[in-house]
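Thanks, everyone, for making time this morning.

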Amino acid sequence: MNLQYPTRTNTFPGLYEYEPEPTPKAIAMAASVTRGLHLLRSYSHYRLSPSLSVRPAPAQFLGLRRGGTELRFLSTSLPRKSGKSVQARRRESDDRGEEDGMENSSNGSIVVARDKIGDTSGGGEGRVVVSELHKEATEAYMAYAMSVLLGRALPDVRDGLKPVHRRILFAMHELGLSSRKPHKKCARVVGEVLGKFHPHGDTAVYDSLVRMAQDFSLRCPLIRGHGNFGSIDSDPPAAMRYTECRLEALTEAMLLADLEQDTVDFVPNFDNSQKEPSLLPARIPNLLLNGASGIAVGMATNIPPHNLGELVDAVSVLIHNPEATLQELLEYMPGPDFPTGGIIMGNMGILEAYRTGRGRIIVRGKTEIEVLDSKTKRTAIIIKEIPYQTNKAYLVEKIAELVEDKTLEGISDIRDESDRTGMRIVIEVKRGSDPSIVLNNLFRLTVLQSSFSCNMVGILNGQPKQMGLKELLQAFLDFRCSVVERRARFKLSQAQDRNHIVEGIIAGLDNLDGVIDTIRKASSNSIAAAELITEFNLSEKQAEAILDISLRRLTLLERNKFVDEGKSLREQISRLQELLSSKRRILQLIEEEAVDIKNKFSTRRRSTLEDTDSGQLEDIDVIPNEEMLLAISEKGYVKRMKPDTFSLQNRGTIGKSVGKLRVNDAMSDFLVCHAHDHVLYFSDKGTVYSARAYKIPECTRAAAGIPLVQILSLSDGERITSIIPVSEFSGDQYLLMLTVKGYIKKVSLSYFSSIRSTGIIAIQLVPDDELKWVRCCSSDDLVAMASLNGMVALTSCDKIRALGRNTRGSIAMRLKGNDQVASMDIIPAGLRKEWEDVSESYLNNSGKGLRGPWLLFVSESGYGKRVPLSRFRMSALNRTGLIGYKFADEDRLAAVFVVGFSSGEDGESDEQVVLVSQSGTVNRIKVRDISIQSRYARGVILMRLEHAGKIQSASLISGAEVESEEGEEAKATVAAE
């Protein structure tokens, strides 16, 4: 392969002035070149063949030769050296064999040739070294990467600044733009930085200056801006010729104080014409105060800002106790403090970030729910703070897009009312929508809740390093100790030099006549100085100081001033020497200076911390906790419907169909619950499963529903026989279970708070027995049990011993013949005392004059009645009970309820009962329309079943739920009108 290489000579000045950043495509192309490809560099001496000549590289060598497979490589690692061009030409045919052999052995090497250093003979000699391409590329790329890391992208741990920020602040300090001076044009500062310290684009410098003046970007801005410096809506700042700036007082006190006292090293600038500080002598860990963000080559940094007062407190804790744990530091600095405020959700991300240097913090905007109109009850969500680094205008635009796409529902209007006094985004909520649900949807779908990924990487000792909170604070303290020590040594040196001169002046004033006589006799200044040094044993500096004294300072008063100054200097020298000899005093001084800055510039915390497990939103957070109806069939089909699906009807009507049912299927249960409830599904085999109510898809009345096996892990042949909605697993609540064969058991509700997906055992069953009824109760409640033949037994729940899950229980009722348990209901403790008070007085009364509570009986043939609860007496378990319903032939009991929990002004019940037939027909009637009769009466017709079979299930709706539904219907009617 015959390749020519352009040498780096003065023939092309500026050709390699800017080295482009390697792209992934270029790296991949270089990696695909054969492993044997070599690059020749000039480290060893080789003599070029006389037949090979190298000429100055023409312009076409900057690209690839068209139509060929040969490559051109430009070397960026060769230093620029002036010299005579080397001529190269192809070898003659007599050397072709040797050339072919070299090509075969090197697998296509590349020869790089240039003049031998110092060679001016033009003999064509050069130095060539063979180097593998991947090694050369690795070294060059690593050098480039380290240059980006150390010189541009990552801040220094000690002063928390990147080079461009440090140079801007130093340039403003040199220009005298202190906090007490007038503002000056930003263009003046940018030009000063570019011309003296930072030879890059003016846009990069101005953008960095602008960010240091934005109070929504830095927790404590370092520059005071005057003019348009951008906004939180990402509006660009005005051009630098229009804006003005000066230093903040905090910047002078925290970063620039003591800069002239040899506290840090000064290094030459880019053209070696001036000196610039390699660091600023920070008194506060600015890296944690204002945070930092940057993207380098192969790594990045993202450090959150913190509160000044809390940061100083954490530094003080570490000074007093170097072995302090992270938990002790968190007591004084609990977390980041963002400039834009917001709410930090949980502390797990903070702990991980402070411990390892990497973590994820969830931040929410701060919102309020405000009533706009008390008459119409219109509400609005007011956004007052947004997460850090969030574009407010983009947030409003995104919300509007989601509302337009119908992804976000429940919002009628959105407007931005922000002004100079603060942020205010108004989101009006539609009537009937829950503001909390809308707000949760905003958190989930927009940047109103976002995460801040902490990656605490900084430059320490010339190397990038990821550090935790304690390591960052310790690195700052080590740096601050060196600054204080250097400052003390500088002051000590100055004090000693001045004290030396003052001592000489005092010695001269004590011998004033001799000094004057010696000076008068001397013929020149140098002779006078030499005579003073010899005669009065002075140093050269002391003699020069005496010669510089004016006559007016030879008075006695001036002498006393020099004596006092000497005394003060000796005290200062003693204090400085004591300071340098004690590490404890150095740390004490560091703390005093930091506390002084805290007292002057500290502000209250803006971000609030909320102690939650996680800020992540679940489905339950965005689903309204609305009332719903659940219907389940015997074959295990379930569906969720809205409560207004079935309207109120009169007693004795046919009812409305609950929907289509599968062949040979019938309704099993029908209940009312809320969307957020835990629904406990009890099977006939004594196993319990759990799922949230909203997990069941909402269907129309005519839909058949979905199989429960899609929600629960049911085994073959297993049927769900009872469903219990639970809103809270309280410790004083129990589940009362009753089987078909009459076994009853009481289990604490807390045992079912955590149920695995495959279910857990709820009760042990005897052979051929089934778990049929489960109710929620407390120890003070009563339980009413009824059999198919109408026998009723009342028992106190506190007489039923609480057992574990994996037990069988006790016999509830003594059943005669083929009789079986038919139903069970709970009498609350509030009605128990009332029942005990009226049981004797109403024992012989009957008719509608009797007030509640009552037992509501529903037969399979659609008949029902109410019987006063006072007609029954309480008995122990394993008793036959009293007759409660006398049935006709082939009729049996379907359900029994205790009614009368809530009553109207006339004393009648406000409850409603929902009846479901085997064919799926539903009828919803008022309990007050059902007549009150004796225990032996047959009852009245509740639902006509000529073509609908038998009553399959019944469900009771309380008076409070009825009022809630009626109120919602009334609101909907008013809104429609």
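When I say that two residues meet, I mean a contact, that is, heavy atoms within 4.5 Å. This is a predicted model, and with that in mind, let me start with helix H9, residues 308-320, which packs with H14 at an angle of about 75 degrees, the two axes lying 10 Å apart. Since angles of 65 to 115 degrees count as roughly perpendicular, that makes H9 roughly perpendicular to H14. On the H9 side the contact involves Leu 311, Ala 314, Val 315, Leu 318 and Ile 319, and these meet Lys 470, Leu 473, Gln 474 and Leu 477 in H14. Sorted by class, the contact of H9 with H14 comprises seven nonpolar residues, one polar and one charged.

H14, which spans 469-510, also takes part in the packing of helix H17, whose buried residues pack against H14, helix H15 (512-521) and helix H16 (525-536). In H17, residues 540-548, the buried residues are Gln 542, Ala 543, Ala 545 and Ile 546. Because they cover an arc of only 160 degrees around the axis, they sit on the same side of H17. The face turned away from that buried side carries the exposed residues Glu 540, Lys 541 and Asp 548.

Finally, confidence: the protein chain averages a pLDDT of 80, and 78% of its residues score at least 70. Over residues 1-124, however, the pLDDT is below 50, although this stretch has 176 contacts in the model beyond near neighbours in sequence. Residues 966-977 also have a pLDDT below 50, and there the model has one contact beyond near neighbours in sequence.

How values were computed:
Residues are numbered from 1 along each chain as its sequence is written. This is a predicted model: local features need pLDDT of at least 70, side-chain atom pairs count only at pLDDT 80 or more; totals for chains, interfaces and linings use all residues. Side-chain values use heavy atoms; hydrogens and water are left out. pLDDT is the predictor's confidence in each residue, from 0 to 100. Buried means under 20% relative accessible area, exposed over 50%, partly exposed in between (1.4 Å probe, protein chains only). Helices (H or I, at least four residues) and strands (E, at least two) are DSSP runs, numbered from the N terminus. The arc is that of the directions from the helix axis to the C-beta atoms. Axes are lines fitted to C-alpha atoms, for helices over the stretch in contact, and angles run from 0 to 180 degrees between N-to-C directions. Angles under 35 degrees count as roughly parallel, over 145 as roughly antiparallel, 65 to 115 as roughly perpendicular and the rest as oblique. Ala, Val, Leu, Ile, Met, Phe, Trp, Tyr, Cys and Pro count as nonpolar, Asp, Glu, Lys and Arg as charged, and the others, Gly among them, as polar.
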